[in-house]
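Have the model open as you read.

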Amino acid sequence: MQINPLVPELYVSDFDRSLAFYRDRLGFGLVYMRAEERFAFLEREGAQLMIEQPQDPSRTWLKGEESCPYGRGINFQIRVDDADALAASIAAAGISLFLPLEEKWYRRDGELLGNRQFVAEDPDGYLLRFYSDLGTRPIVLT
């Protein structure tokens, strides 16, 4: 397995709860874990992230006070093969979506990029925008 050039590491308040959420609810696979450090490296369809419940103050890198929700001001866009199936799976597990499943087209220069997307919130408030690619289409001027 190759590690991506950018892999976010998310501090979590309860490692076991977050690991269960990412693995059992969102379908991330456990690549490796250091249980004694409350750390896991996870992957789903090529998207990689790390979760860690800080244990050692000398190895905890924070720029401000740690308070929930941890994910203020950020959302992670994660491409998946089937956003509809993942959204249904999450809903079946009783997890409400922060943003319901939608089709959204974003302008890039002279074309539109299509996403079938939804946003889920993890237990610490990180926003995860899962999307399936709908391709491109030209901008039609009227």
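## Strand 5 and its partner

Strand 5 runs parallel to strand 8 (residues 127–138), and five bridges join them. Strands here are DSSP E runs of at least two residues, helices are H or I runs of at least four, both numbered from the N terminus, and two strands pair if DSSP finds at least two bridges between them. Asn-75 has Leu-127 as its bridge partner in strand 8. Phe-76 and Ile-78 make up the covered face of strand 5, while Asn-75, Gln-77 and Arg-79 sit on the uncovered one.

This is a predicted model: local features need pLDDT of at least 70 and side-chain atom pairs pLDDT 80 or more, while totals for chains, interfaces and linings use all residues. Residues are numbered from 1 along each chain as its sequence is written, and side-chain values use heavy atoms, leaving out hydrogens and water.

## The core

Which residues touch the most other members of the largest nonpolar core? They are Tyr-22, Ile-51 and Phe-130, in a core of 28 residues. A core here is a set of buried Ala, Val, Leu, Ile, Met, Phe, Trp, Tyr and Cys residues joined through side-chain atoms within 4.5 Å, with buried meaning under 20% relative accessible area (1.4 Å probe, protein chains only). Among the elements giving two or more residues to this core are helix 1 (15–25), helix 2 (83–92), strand 5 and strand 8.

Leaving aside residues up to four places away in sequence, Tyr-22 touches residues including Leu-10, Phe-28, Ile-51 and Leu-128 (contact: heavy atoms within 4.5 Å).

Conventions:
Buried < 20%, exposed > 50% of the residue type's maximum accessible area, 1.4 Å probe, protein only.
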